[in-house]
Every structure is written in structure tokens, then in C-alpha cells.
Amino acid sequence: MASKKISLNGRLLRRNFVPPGVASVALVVLVVLALHPATDLLFSLLAVPAGLLLLAFAVATAANNSWPLGRPCNVSASKGELRLSGLAPISCDSIYGITTTTVQRGETRLNHVTIVLERDNLWLELQDDDVEPLLKALELRPEHRRASYPIGSSVQTRIVLTGVLGMPVLLYTRLAPLLYALIVLVVAWLARNLRGRVEVGIDGVTVRWLRRRFVPFSDVASIECPGGWHGPTAQLHLRSGSTLRLRTPAPITNANEQRVLGYRMCEHLTLAFESYGGKTEDPALFAALMRGEKSGREWLETARTTALGAGYRAAAVGLDRMEQVLVAPESPAESRIAAAAVMLRISDEGRARVQVAATSCASPLVRQTLETLLATEDEAQLVNALESFEAPPTG
């Protein structure tokens, strides 16, 4: 049966440098005026919170690419091909990953779809309801992609951090405590635009908040999503005893959007974690694909023998078993990379399955290595890529 073709209207986006640029220039001008000898003390004192607001605005708009620029485009898709007006057709084999991010514009819910290609990324803005039909037309199931969600901090946390960081202003100036408290509240309220990101994949979550942190599902004991007036907060109870809390930030215009995003993020986390829990570990197979002290070529040959067998007495694991190793979150990074290398050399079908795994993987190390392997053109390049791979420390 022929694949269903669809045609959608959207926007092809690009980064907008104007808002953070204007805020940065204004911040520099403010600092120069505040430090000028002829400037009175009151202006210099007021320049401190104003400068913090400008800095927060510049960082937030640069990190979140607020008000992105774009042009209208037609998006048509079918199995194996994506077409965007004004661009050459894109083969699904050249798509290394798809990340979706829900955004709110007034009362309209949109979705920013990042399409990861070999050399660059494409960024589309679509109606939220159009994303699933697009993926179905491309025959990419929801579990074959990562989903990105914005995360923020609670208002209590922002007030405490703002108050502590601004304490020198209160201690070394004659600023009235009541005025200082008002400034802290205003800065804390505006700081809700400072957002992090969490990417949910089949193997775990990657949190980007000041620094990047990957949490594999193997380190998670359970997930709870208690509700609140702001919506649910995802609580990842780690086996170490600590708890990682993830909550979507409150938007400026539509408070209900935070709750909607929160429920969507919690649902995705729960389904991904339950899917991880349903997989069967195979320690012997994982160990057989580990590198140890082998060179890149020896590692590839050992993995190939494990998968395909050596002689008529050996039992071949085959393409399906290699794919199980590749997508199993409990599989060590070395085993996953070895399985992908073998699959790339087996057939075009193996390459397609590796591309799917790269799309759904949340581990930055594994995903980047898979993308490097996919970019190789022959076995020599594949061996070189394996040679340069460094497994993460264990323990």
C-alpha cells in the first residue's frame, strides 16, 4: 500500500539576534553611564537592578531564541522524503534526528520541529496538531524521536536566589529594605524567562540548566508526577537517593499552557521509563560487544563475529538482536556503539535502524557517536571512528 502523502503550511525559522543584541548594547550604555563621574548616586544604584534585568533579558532571548524570524513555506511529506518549498528534497535517510518543542503564541499552540541533518539543522514552525500527521507520513513513530520540553524553577527558588545574589547591593548602599524587597520580587518575576531544557529519549533524559547532565533510566528507581496549582512536577527518584525535579516554566500570557506542557512532559517521561523497564537485559551479549583493550578494527571484527557468527557451528545473533542491544537503555555505551557499527555494515536496513536509534537517543555521547558512524563512507572511516570513541567512566 502506498504511503500517505500530506501537505502542510508552516514557517521555516532562523535565529533572531536583534532582541539580545539590543539588550546587550543597552546594558553596555547603562554601565558606562553608571560609572561616569558626573552620574549621581541614585542613578548608579538604580542602574544595578536595571542592568540585571537587561542581562536576564539578553540571556533569556538568546538562549530561547525568542521571536524567531521565518518565512512561510509549504511542507509536504511521504514515506522516504520531505519537501520544503525553496529547498531541495530531503531523504529520510539523511535525517539524523527530530526534536519537537511545544510553544504558545497567544491562544494558539504551535510546535517547533528541529530536523537534524548531517551538516546543519532545519527548524520548522507548525501547528501542534500537524506534527503527528507529519511524522506518520514520514513513517516515523513518536518513539522514534526525542522530545524537548522547557523547564524552569519555582518562584520561591527565584526569590531566594535573587535575594542572596543581590545582597551586596543592600549591604553596601543605603537602599531602603522595602525598595530592595520590591526589586527582588520584580527581578525574580522576570527571571522566569530564564529557562532550561529537558530532552526525553528512549534511554534517559538530558537536562540543560546551567550545565548539561544526562540521567540514564538505569539510574532512576521510580518517577512520580504530583500535581499542584502550577501543574505537575516530574520527580525522578534516583537510585542514589536524590531526587531530580522537573517542572515546566510559567508562560507570560497563558498560565494554563504550563499545566498542559507539564502533563505532556510527565506522560512522555512515564511512558519512556515504563518502556525501559519492560526490556530484558542480556549481560552476556553486552559483555561480548565491549571493547576492552581492543583496537578499533579488532573491536569491529569481534562485534561482527558475535552478530553474524564465525563458522557453521557459531550461532549468529543477527540484525534484530543487534538492534535490541542498540536501543536497550540498560546496554553499556560501548555495546551500543559496537552494535551500531555492525548494523551499518550488514545492510541498508541496518543503516536505517541506526538512524532511528540516533533520532530517539537522549544520551549526548551515544547520539553524537552514532551520528559520526552514520557519516562514515567506508570501513576504514568506520574503524577510525571506533578508534576515537571514549566510553564514559563507570561506577
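Me: How many disulfides does the structure hold?

Reply: The model is predicted: local features need pLDDT of at least 70, side-chain atom pairs count only at pLDDT 80 or more, and totals for chains, interfaces and linings use all residues. Residues are numbered from 1 along each chain as its sequence is written, and side-chain values use heavy atoms, with hydrogens and water left out. A disulfide is taken to be a pair of cysteine sulfur atoms within 2.5 Å. By that criterion, the number of disulfides in the structure is zero.

Me: Is Cys73 buried or exposed?

Reply: Buried means under 20% relative accessible area, exposed means over 50%, and partly exposed lies in between, with a 1.4 Å probe and protein chains only. Cys225 has 30% and is therefore partly exposed. Cys73 has a relative accessible area of 6%, so this residue is buried.

Me: Which residue in β2 stands opposite Arg11?

Reply: Helices (H or I, at least four residues) and strands (E, at least two) are DSSP runs, numbered from the N terminus. Two strands pair if DSSP finds at least two bridges between them. Strand β1 (residues 6-14) runs antiparallel to strand β2 (residues 69-78), and nine bridges join them. Within β2, the residue opposite Arg11 is Pro72.

Me: Which residue is the bridge partner of Arg11 in β7?

Reply: β1 also pairs with strand β7 (residues 121-127), in the antiparallel sense and over two bridges. In β7, Arg11 has as its bridge partner Glu125.

Me: What is the bridge partner of Val75 in β3?

Reply: Strand β3 (residues 81-84) and β2 are antiparallel and pair over four bridges. The partner of Val75 in β3 is Leu84.

Me: What is the average twist from one strand to the next in the sheet β12-β13-β14?

Reply: Three strands form this open sheet, with antiparallel pairing. Its edge strands, each pairing on one side only, are β12 (220-224) and β14 (243-246). Angles run from 0 to 180 degrees between N-to-C directions, with axes as lines fitted to C-alpha atoms, for helices over the stretch in contact. From one strand to the next, the twist averages 20°.

Me: Which backbone nitrogen does the side chain of Ser363 reach?

Reply: Ser363 sits in the loop between α12 (348-360) and α13 (364-374). With a relative accessible area of 7%, Ser363 is buried. A polar contact is a pair of N or O atoms within 3.5 Å; within protein, one must be able to donate a hydrogen and the other to accept it, and residues adjacent in sequence count only if both atoms are side-chain atoms. At 3.4 Å, the side chain of Ser363 reaches the backbone nitrogen of Val366.

Me: Which residues are in contact with Thr302, leaving aside its neighbours within four places in sequence?

Reply: Thr302 belongs to helix α9 (residues 296-308) and is partly exposed, at 27% relative accessible area. A polar atom of its side chain lies 2.9 Å from the backbone oxygen of Glu298. Contact means heavy atoms within 4.5 Å. Beyond those sequence neighbours, Thr302 is in contact with Ala288 and Lys294.
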